[in-house]
Amino acid sequence: MTLDGPAGSGKSTTAREVARRLGFRHLDSGALYRALTFALLDAGVPESAWAGLGTEQIKAFGVSQHPTEGGFEVRLRGRALVSELRTAKVTDRVAALARLPAARACLLELQREAGAHGRLVADGRDMGSVVFPDAAVKVYLVADLAERARRRLLETGGAASEERVARQADAISERDGKDSGRDISPLRVPEGAVEIDTTRLTFEEQVAKVVDLVRRLTL
Ligand code: C5P
């Protein structure tokens, strides 16, 4: 099944828990985009040169993924990446990387390969529209911008003061704009997706809704 939606809509945390309850594997496609962004920044490739890289050059950076019990570990030349994927620098630059056709082509292959390891809950921006268009169940999560900003702050351990929520909302809205406005694989509701607005749902409620939907549509 696929789970798409804008930044801060709760996709990754929801996808992880839904996968656990259904016994599927969780594919966090954003982690792959983040890993490649980290690889380019770490190698000191200036952003002005990113668009000139071909698919083979991008592959040569050595981003890979390896099945774990409930999902996949993302590695850069054998080194597992975790906290490196969530730094402000990577979050700030990832949308620029995600609009490059060569980067998307390279990661498309990795994402489809993940399907070979069994049933997936795949979360991202184009899982239901481009990567797995034939998925049995497609979900699109939405939530009010201010609520998404508040959740992001709480998730990262920050206090959700009005001023910080407003600043976080600006950052999220900027990334949404880039993700929705790009020419290739823009963020949009995939055909056949069920839209769930999580603004007023608790985490447990949103997980239960998605799990019920999958059970209803596939069992
Ligand atoms: O979901 P997450 O915030 O980790 O995604 C990071 C970024 O990776 C997104 O803002 C988007 O630019 C890119 N992305 C994408 N397509 C996906 C998943 C992520 O373009 N399927």
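## Basis of the report

A polar contact is a pair of N or O atoms within 3.5 Å; within protein, one atom must be able to donate a hydrogen and the other to accept it, and residues adjacent in sequence count only if both atoms are side-chain atoms. The structure is a predicted model, in which local features need pLDDT of at least 70 and side-chain atom pairs count only at pLDDT 80 or more, while totals for chains, interfaces and linings use all residues. Residues are numbered from 1 along each chain as its sequence is written, and side-chain values use heavy atoms, with hydrogens and water left out.

Oxygen atoms of the ligand lie 2.7 Å from an N or O atom in the side chain of Arg34, 2.6 Å from a polar side-chain atom of Arg175 and 2.9 Å from an N or O atom in the side chain of Arg182. The protein buries 99% of the 450 Å² that the ligand exposes when taken alone (Shrake-Rupley method, 1.4 Å probe).

## Helices contributing to the shell

Helices are DSSP runs (H or I, at least four residues), numbered from the N terminus.

## Packing of H2 and H5

The axes of H2 and H5 are 9 Å apart and form an angle of about 105° (lines fitted to C-alpha atoms over the stretch in contact, with angles from 0 to 180 degrees between N-to-C directions). The two helices, H2 and H5, are therefore roughly perpendicular (65 to 115 degrees).

Residues of H2, including Arg34, Leu36 and Phe38, meet residues of H5, including Val90, Val94 and Leu97 (contact means heavy atoms within 4.5 Å). This contact of H2 with H5 contains 9 nonpolar, 2 polar and 3 charged residues.

## Packing of H8 and H9

H8 (residues 145-155) packs against H9 at about 110°, with the axes 8 Å apart; H8 and H9 are therefore roughly perpendicular. Among the residues that meet are Leu145, Ala149 and Leu153 in H8 and Val165, Ile172 and Arg175 in H9. The contact of H8 with H9 divides into 7 nonpolar, 2 polar and 6 charged residues.

Terms used: Parallel < 35°, antiparallel > 145°, perpendicular 65-115°, else oblique. Nonpolar A, V, L, I, M, F, W, Y, C, P; charged D, E, K, R; others polar.
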